[in-house]
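Open the model in your viewer and follow along. Each stop tells you what to select and what is there.

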Amino acid sequence: MPNHELLTAADIQLMQGLAQHVTAVRPDLVNSDASFGELAWNWGKGHTAHGATWPRRLWFSGGDLVAWAWGRLPHQVRRGDGTVKDVTGAYLAYQVRPDHAGLVDEVIDWYDGTAAGLDRTVVPSAVDEFGLERWAAHGYRTDPDALGDTGSWTQLNQRDLIDLEQPELPDGYRFRTAAEAGPEAAVQAHTSAWAPTAYTAESYEGVRRTTAYRGDLHLLVEAPNGTMAASTIMWLDEANRTAEFEPVGTHRDYRRLGLARAMLLHGMHLARAAGATHMTVACLGAPGHPSARGLYYSVGFRKFTRDAPLLKTP
């Protein structure tokens, strides 16, 4: 890898500040991997294992961060079941402040230089007409696999926190928070929902060390036998009075019991009590992935915007 600066925790805080600014002025332009909560979640869970393959560049104007680029270069992902996945291409997360849109060309040039010789993917907002035009001018094209019926494109959903339904859990189940249940319970809840996964106790420690994490907004559902059957983390952006669910998961043995639905409703009550007036959650948008979308729609979310996956081959 060329001699590039690597992403730090301090960088993430600056990037979250830019996410808050874009959310305030043009929330539809927040890239799916560049939201306030997504930045904290992705940094926290992965920086120990993969931070050495995360080059970055920051652009400033008058002391303010106005654009950033976070590259993710080839690496290995080791899952809890012993399997190993080789990631051979490059991926870019980025964000440009709307009033500095022209910097996207510098972002693209930096990415092409950093990931030269690799397949390169990126997911700008589908409503960013200027950005999409510039990516196309640099040779990036729509990723056909990502946009297929079972593709990986993401849609962002939103709702206000008025007229919230009351949650109902099955008998014997109860809500917990990670603050009260402890790290072991929080890790078990996530790994059971997402198995096989590379998430570990060390990953959770990374998440907990992010400045945006709050254990009282990390929600769990405990089954009668003590198993943590579902979990979600809520990321509160106090500046914009909005909160974001990321991630949301249910243990495979406890699905179709209404746990996730009740957890989301309870979570929105907690978020409102913490000062939020608005809630967001992302999901896969392709027709072949209806489950999460149906769950979120059932508690009042509706599609707000989506990403536009692009690909450039060597």
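Select strand 8, residues 154-160. In this predicted model, strand 8 gives four residues to the lining of the second largest pocket, the most of any element. Now show the pocket itself: about 390 Å³ of space lies there.

Which residues are closest to the centre of the second largest pocket? Pick Thr23, Val30, Ser35, Leu156 and Thr280. They belong to a lining of 28 residues. Colour that lining by class: eight residues are nonpolar, 15 are polar and five are charged.

Move on to the largest nonpolar core, which has 30 residues. Select Phe245, Met268, Met279, Tyr296 and Phe301, the residues with the most contacts inside this core. Which elements give two or more residues to the core? Select strand 10 (218-222), strand 11 (228-237), strand 12 (242-250), helix 8 (259-273), strand 13 (278-284) and helix 9 (290-298). Helix 8 gives the most, with seven residues. In soluble globular proteins, nonpolar side chains tend to be buried together.

Zoom in on Met268. What does Met268 touch? Leaving out residues up to four places away in sequence, Met268 touches Arg159, Leu161, Leu164, Met234, Phe245, Met279, Val299 and Phe301.

Methods. Residues numbered from 1 in each chain as written. Predicted model: local features only at pLDDT ≥ 70, side-chain atom pairs only at ≥ 80, totals over all residues. Heavy atoms only, no water. Core = buried A, V, L, I, M, F, W, Y, C linked by side-chain atoms within 4.5 Å. Buried < 20%, exposed > 50% of the residue type's maximum accessible area, 1.4 Å probe, protein only. Contact = heavy atoms within 4.5 Å. 1 Å grid on protein atoms, 1.4 Å probe; cavity = no way out; pocket = protein on both sides within 12 Å on 5 of 7 lines; lining within 4 Å. Points joined across faces, edges and corners; volume = space filled by probe spheres on them. Nonpolar A, V, L, I, M, F, W, Y, C, P; charged D, E, K, R; others polar.
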